[in-house]
Amino acid sequence: IASAAIVEHVKNVVVKPLCKEQRIPTVNGSLPGPTINVREGDTLVVHVINNSTFSITIHWHGVFQLKSPWMDGANMITQCPIQPRNNFTYRFDITGQEGTLFWHAHVVNLRATLHGALIIRPRSGRPYPFPKPYKEVPLVFGQWWDTDIEQLNLRPAPICEAYLINGLAGDSYPCSENRMFKLKVIQGKTYLLRIINAALNTHLFFKIADHNVTVVSVDAAYTTPYGSDVMILTPGQTVDALLTADQPIGMYYMSIIPYLSASSLAPAPPRKVINSLIVYKGATSTTSPSRSLMPSQINSVSTAHRFSSNITSLVGGPYWTPVPRHVDEKMFVTMGLGLEQYALRKPRTISLQEAYFYNISGVYTDDFPDQPPIKFDYANFRVHTDSEKKMIFPERKTSVKTLKYNSTVEIVVQNTGIITTESHPMHLHGFNFYVLGYGFGNYVPARDAKKLNLVNPQMHNTVGVPPGGWVALRFIANNPGAWIFHCHMDAHLPYGIIMVFIVENGPTPETSLQPPPSNLPQCTHDPTIYES
Ligand code: C2O
């Protein structure tokens with residue numbers, strides 16, 4: 001087994017994507033941070049040296065962490081953070097998955113600048129289940145603020161100054177006209193775009209002028225090839241898509257634009273198109289590029305829904321396993337801005353996973369309910385009674401849901417409407433789940449359960465729950481440890497769109513949580529500088 005050893009040096013540096021210089025935490029001085037390239041079957045070793053002024057953890061978003069739950073990097077869930085002037089080494093095997101993922105800091109808001117691509121290629125000698133591309137190109141989407149990271153909580157999300165494609169804001173922003181990501185292509189060749197939405201709080205449409213793409217993978221799970229002229233990525237989602245340079249020699253914009261699904265909230269600026277460029281070999285710089293995106297697509301719920309719900313898994317492809325038919329645990333979870341069963345109060349002195357491993361009582365309770373305490377019209381929820389009021393201000397509790405080892409879990413996540421409804425990207429650590437169905441309005445078991453796709457459902461680690469709608473998910477809890485399930489819009493964690501599963505030990509030592517590494521960071525003082 002090969003192993004890739006990487007050093008991530010976290011330090012504050014001064015950058016200037018727009019007109020103003022700003023000091024930000026970075027990994028190895030760059031924004032986005034370095035791309036990590038591995039092959040399936042590798043052991044990845046990352047030495048994190050924290051010379052920044054922040055306490056951090058690094059999460060390997062979408063990596064299964066089979067038998068390495070201490071390496072998940074979820075702040076106060078699987079570890080205490082790495083304090084300034086301290087180090088920690090992440091070491092884990094990458095098995096049973098291929099495609100594009102990413103790594104990011106997992107402490108509130110720090111993901112804004114501490115992120116980068118994590119690309120898993122097949123073991124040597126194994127082909128992709130699609131024609132070999134001429135070149136591969138990571139495209140990392142980020143968000144930019146003229147505000148210090150510590151101040152972000154004081155600003156309404158998703159308002160920001162700009163969006164970045166591979167760290168560059170392009171020609172629609174002041175002071176960045178000449179700093180635009182450019183992809184040089186040769187006519188006739190095919191490129192694999194490895195696209196990552198690392199924005200903190202915004203879903204993004206992505207479109208290339210005059211070109212269609214073929215999606216071959218989402219969240220590092222192979223899909224049936226799916227041709228499309230536009231894509232949507234929620235924060236936390238990744239897409240691998242083939243692009244063939246099949247147009248006349250010239251220049252073409254490759255653009256993103258925010259998708260603001262909360263139609264009744266005033267759309268937040270900036271609503272501009274953010275450009276990068278495809279430049280064909282032989283193109284003259286005097287021709288002006290073809291444009292790609294129309295701002296009218298900003299709030300196109302139907303465009304977003306069509307793209308997200310049409311994708312299916314590559315049945316019979318690498319790592320495909322059929323959907324388990326028998327369900328052991330059924331949950332119905334309501335979720336929105338203020339309609340949750342509980343808002344998670346994180347422990348302050350020890351991670352949840354250590355509390356489980358060492359059997360320390362008093363850190364958490366395991367009474368997270370399988371159903372909301374009261375029933376009503378969730379999608380059109382308005383407050384009438386006191387018990388409904390209680391749901392708007394969920395109790396802050398460290399309450400987890402325990403799962404038996406190897407149990408099959410089905411969760412229907414119901415998006416609720418309090419102030420407004422918007423799409424929430426729900427992300428599960430440690431597992432991929434089957435997305436059995438999406439719908440608008442309330443989930444009605446008698447009507448909707450029989451329509452679920454048990455044949456070729458897409459697999460994800462992050463799914464956008466439609467505004468005022470629902471998704472039905474299934475996964476197998478085959479990895480003991482503490483795993484969070486949360487909205488990947490960072491701003492929504494304090495509202496309580498976060499819950500924790502503790503998957504219990506299996507019957508043998510091999511299927512049980514092993515002791516933590518001896519150098520796992522300890523909580524020496526209150527690590528939650530500005531985290532609630
Ligand atoms: Cu990419 Cu818990 O997050």
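This is a predicted model: local features need pLDDT of at least 70, side-chain atom pairs count only at pLDDT 80 or more; totals for chains, interfaces and linings use all residues.
Colleague: What makes Phe-141 part of the largest nonpolar core?

Modeller: A nonpolar core joins buried residues of nonpolar types, Phe among them, through C-beta atoms within 7 Å; the largest such set here has 145 residues, and Phe-141 is listed with Val-413, Leu-473 and Val-500 as having the most contacts inside it. Leaving aside neighbours within four places in sequence, the contacts of Phe-141 include Tyr-163, Ile-165, Ile-196, Leu-204 and Ile-256.

Colleague: Why are β20 and β27 called edge strands?

Modeller: The open sheet has 5 strands in the order β20-β24-β29-β26-β27, with mixed pairing. β20 (329-335) and β27 (458-460) each have a single partner strand, so one side of each is left without a neighbour in the sheet. From one strand to the next, the twist averages 30°.

Colleague: Which residues of helix α1 are called buried, and what covers them?

Modeller: A residue counts as buried if 20 or more other C-beta atoms lie within 10 Å of its own; in α1 (residues 301-310) the buried residues are Thr-303, Ala-304, His-305, Phe-307 and Ser-308. Their cover includes β15 (221-228), β16 (230-233), β18 (251-259) and β28 (462-465).

Definitions and conventions
Residues are numbered from 1 along each chain as its sequence is written. A residue is buried if 20 or more other C-beta atoms lie within 10 Å of its own, exposed if 12 or fewer, and partly exposed in between; C-beta atoms are placed from the backbone. Two residues are in contact if their C-beta atoms, placed from the backbone, lie within 7 Å. Helices (H or I, at least four residues) and strands (E, at least two) are DSSP runs, numbered from the N terminus. Two strands pair if DSSP finds at least two bridges between them. Axes are lines fitted to C-alpha atoms, for helices over the stretch in contact, and angles run from 0 to 180 degrees between N-to-C directions.
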